[in-house]
Amino acid sequence: MSPNPIIDAQSVKAAASVPAASRGFDGGKLINGRKRHIVTDSLGLLLVVAVTAANVGDREVATGLLQRLRNLHRDICLVWADGGYTGQLVDWCRQKLTFALEVVKRTDDMEGFVVLPRRWVVERTLSWLMHSRRLCRDYETLTATSEAMIKFSMITRMSRRLARSRADGRR
């Protein structure tokens, strides 16, 4: 496993079949639905995933997500994040989980679209997930089923890459 994971979240619209108890309104993105919180390694491969209502804040979910990450991968010493993960979470990670949470922020002089260091990896993974037709909108009744569909999509993507590289004669 590569040593420095990246954490981020993505809001997606929910279908009518999604119960009101597990959906919410993300005021920043103006989306009524659910939010996918993922942690990837530096290659963009999924390490941990959680699905919540869209109105749940990134920092609230990050504590549980990062604890799961620490339990699965004890050798991690640094995690990159976006500006939504600032505040007490940085100190909490250092004290409770014994790794650094480094926030990669946009500077004030940046205009328009700018590729941020390290952050593009997790954004690319979220884009890969949107290539799965089933994940363009959240159709699942249970959040656990949504998490399973995300994992299934990444497994499919990785197995296709492996099959393609073996067909080309690469190992």
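How many residues apart are Glu-123 and Arg-119 in helix H3, and what separation in helical turns goes with that?

Reply: This is a predicted model, in which local features need pLDDT of at least 70 and side-chain atom pairs count only at pLDDT 80 or more, while totals for chains, interfaces and linings use all residues. Residues are numbered from 1 along each chain as its sequence is written, and side-chain values use heavy atoms, with hydrogens and water left out.

Glu-123 and Arg-119 lie 4 residues apart in helix H3, so about one helical turn separates them. Helices here are DSSP runs of H or I with at least four residues, strands are runs of E with at least two, and both are numbered from the N terminus. The two residues form a salt bridge whose closest N and O atoms are 2.7 Å apart, a salt bridge being a side-chain nitrogen of Lys or Arg within 4 Å of a carboxyl oxygen of Asp or Glu. Side chains of opposite charge can pair when their charged atoms come close.

Glu-123 is partly exposed, with a relative accessible area of 35%, whereas Arg-119 counts as buried at 10% relative accessibility. In these terms, buried means under 20% relative accessible area, exposed means over 50%, and partly exposed lies in between, with a 1.4 Å probe and protein chains only.

Arg-119 also meets Asp-8 in a salt bridge, at 3.3 Å from N to O. This pair links distant parts of the chain, as Arg-119 belongs to helix H3 (residues 119-130) and Asp-8 to strand E1 (residues 6-13), 111 residues apart. Asp-8 is buried, with a relative accessible area of 3%.

A further salt bridge joins Arg-119 to Asp-82, with the closest N and O atoms 3.8 Å apart. Here too distant parts of the chain are linked, since Asp-82 sits in the loop between E5 and helix H2 (88-97), 37 residues from Arg-119 in helix H3. Asp-82 is buried as well, with a relative accessible area of 13%.

Through shared partners, salt bridges join Asp-8, Asp-82, Arg-119 and Glu-123 into one network. The structure as a whole holds 7 salt bridges.

Strand E5 (residues 78-81) contains Trp-80, which counts as buried at 7% relative accessibility. Leaving aside neighbours within four places in sequence, Trp-80 is in contact (heavy atoms within 4.5 Å) with residues including Ile-6, Ile-7 and Arg-118.
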